[in-house]
Amino acid sequence: MLKQSFNGGIVIPNPHPMETVEIISAPLPDKVVLPLQQRIGDEAIACVKVGDKVLTGQVIAKTKDHFCVPVHASISGKVVSIDDQTIPHKSGLKSKCITIESNGKDQWAEHKGCGNDFLHCDQTTMIEYIQSSGIVGLGGAGFPAHAKLEGIQDCHTLIINGTECEPGIMCDDALMQHYPREVIRGVEILLHICGAQRAIIAVEDDKQEALNSLLMYCHNDRISIEQIPTKYTSGAEKLLIKALLGIEIPSGGFAIDMGVICQNVATTKAIFDAVVDNKPLVSRIVTVTGSGVESPNNYEVRLGASFEHIVSMSKPNTHQHAIRMGGMMMGVDVKTTSAPICKITNCIFVNKLETKPSTQECIRCGQCNQACPVDLLPQQLYWYAKSEDTDKAMDYNLADCIECRCCDYVCPSHIPLAEYFSFAKALHRKTTEDQYRTDIARERFEFREYRLERNKQERAEMMAAKKEELKKKMANDKAQKDKIAAAMARVKKTKKASDDAQ
C-alpha cells in the first residue's frame with residue numbers, strides 16, 4: 001500500500017539514471033587511508049605503529065569512549081604512516097590517519113559470530129558484536145549503531161529506511177536488489193534486540209525491483225514492506241515516521257521517545273554481517289554519478305580507498321570537474337579525488353564545472369514556504385538571518401531546519417537560503433555560548449565580591465571578639481592583681497602585728 005506523503009518537499013527526477021542497477025566489486029586498492037576521528041566522540045588511538053603488518057578486519061585504533069567504535073584495517077598489508085591527511089569534510093581540515101599499503105593478498109583476521117542461529121544469542125552479545133565490528137549509520141549520519149540500540153525500552157515499531165536520501169543516489173536500491181535475504185535477516189536481528197512488535201521497511205515507489213526482491217525473502221508476519229511517494233526529503237527520519245505512522249516527533253524530541261527506532265537499510269545489512277559472522281565493516285557500496293562521468297554505477301569498495309579509485313572506473317569525461325560527496329543537495333564539496341572513502345560516503349557526484357547563476361533580491365514569491373518539508377517560513381527566516389537577529393529566527397523555529405536546501409532549489413532569485421540558516425544557527429550557538437560564559441564570569445565575580453565582603457566581615461567580627469576577649473582578660477588580670485595586693489597587704493599587716501607583739 002502506498003503511504004501518504006508529507007507536506008512540502010520537492011520531486012527531483014534522477015538526473016543521471018542507470019540502465020541497470022548493479023554492484024561492481026572494485027579491485028583492492030594499493031593503499032588505504034583510514035581516519036582516526038570518528039563522526040562523533042574522541043579521536044581513536046592507534047594500537048599499531050609504522051612498519052607493523054596488519055590483516056583485513058584487524059583493529060588498528062580504538063578509544064576508551066564506549067560511545068565510539070574501533071577502526072579496522074580494510075586491507076592486509078603494512079602500516080606505512082600515521083600522520084595528518086586531508087579527509088572529506090566540510091571544514092577542509094586535516095585529521096590524523098593510518099595509511100596501509102596492500103600486500104595484494106587480502107588476508108583476513110579471524111572472526112566468528114552467532115551464526116545463522118542468532119535468535120538463541122542474547123541481546124547484549126549481539127550489541128557487543130555490532131560495536132566491535134565498527135557499525136555506524138551508513139545513510140550519512142555515521143551515528144554508532146550500538147549506542148542507538150542499548151537500553152531501549154518501550155519500542156513498538158522498528159523502521160528500516162530503504163529510501164535514498166537524495167536524488168541520483170542508487171546505493172541502497174542496489175543493496176536491496178542484490179542482498180534481500182541479508183536485509184530481511186538483519187531486520188529480524190534488530191527486532192530481537194530492540195523487542196519491537198513490528199518492523200516496517202520503507203521503499204520509494206520508483207524502486208519496484210527492490211520491493212519485489214524483498215517480498216520474495218520476507219516470510220515474517222512481523223515485517224511489512226511499505227511504499228512511499230518518491231519525493232525529496234522522504235528519507236529524513238521525522239518525515240518518514242510521519243508518513244508511515246502518522247506520528248509527529250516534537251521539536252527537540254527523538255523518535256525513541258515515541259516508541260520508534262529507525263535504521264538505514266545498509267546499516268541493517270552490516271548488522272547482519274556483524275552478528276552472524278562478527279565481520280567488521282571494511283567496505284561499503286558507493287554510487288558514482290554526475291555530469292562528469294560517462295558510466296554512473298554502484299561500487300562495493302574498501303574503506304580508505306581514494307575517490308579516484310572508483311571515479312576512474314566510471315570514465316570521467318573531463319579533466320576539470322567538481323567533486324561532491326553525499327548528494328547534490330546536502331552533500332559536501334571535496335577539493336581532490338585523493339580524499340579517502342569513509343563509512344558515510346554513500347555517493348560521489350562528479351560534475352562538470354558550471355557557472356553558478358547570480359543571486360538576485362528576494363521577490364517574496366513564497367515558493368520556499370511551500371517547498372519546506374518541516375513547515376517553516378524560509379522567507380521570514382532569511383530576513384532575520386540576514387540581519388543577524390538570531391533570537392527572532394529561533395522564535396520562528398530555526399532549530400527545526402534540516403538544511404535540506406529545498407528552498408534553495410525552488411528559489412527563482414537563486415538565494416542560498418540554507419547557507420543563511422546554517423550561519424544563523426552557528427551565530428546563535430556562538431552567542432548563546434558567549435552569553436553562558438559571560439553569565440558564568442559574572443557569577444564568579446559576584447561570588448568573589450560576596451566572598452571578599454564576607455571574609456572582611458568575618459575578620460572584623462573576629463577582631464572585635466579578640467578585643468573583647470582581651471578586655472575581659474585584662475579586667476580579670478587587674479582583679480587578680482588586686483586580690484594578690486590585698487593578700488600581700490594582709491600578710492604584711494599580720495607580720496607587723498606579730499612583730500609588735502614580740
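Predicted model: local features only at pLDDT ≥ 70, side-chain atom pairs only at ≥ 80, totals over all residues.
Student: How far apart are the end C-alpha atoms of helix H4?

Tutor: Helix H4 covers residues 180-194, which makes 15 residues. At 1.5 Å a residue, these should span 21 Å. The expected span agrees with the distance between the end C-alpha atoms, which is 21 Å.

Student: How many residues of H4 are buried?

Tutor: Among the buried residues of H4 are Pro180, Val183, Gly186, Leu190 and Cys194. H4 is largely enclosed by the rest of the structure, because the buried residues number 12 of the 15.

Student: Which side chain of opposite charge is nearest to Glu182?

Tutor: Glu182 lies in helix H4 and is buried. A salt bridge requires a distance within 4 Å. The nearest side chain of opposite charge is 4.1 Å away, and Glu182 has no salt bridge. That side chain belongs to Arg181.

Student: Which residues does Glu182 touch, not counting those up to four places away in sequence?

Tutor: Residues up to four places away in sequence are set aside here. With that exclusion, Glu182 touches Lys269 and Phe272.

Student: How do strands S9 and S12 run, parallel or antiparallel?

Tutor: Strand S9, residues 157-161, is joined to S12 by five bridges. Ile160 stands opposite Gln263 in S12. The direction of the two strands is parallel.

Notes. Residues numbered from 1 in each chain as written. Heavy atoms only, no water. Helix = DSSP H or I, 4+ residues; strand = E, 2+ residues; numbered from the N terminus. Expected span 1.5 Å × (residues − 1). Buried < 20%, exposed > 50% of the residue type's maximum accessible area, 1.4 Å probe, protein only. Lys, Arg positive; Asp, Glu negative; His and termini not counted. Contact = heavy atoms within 4.5 Å. Pairing = 2+ DSSP bridges.
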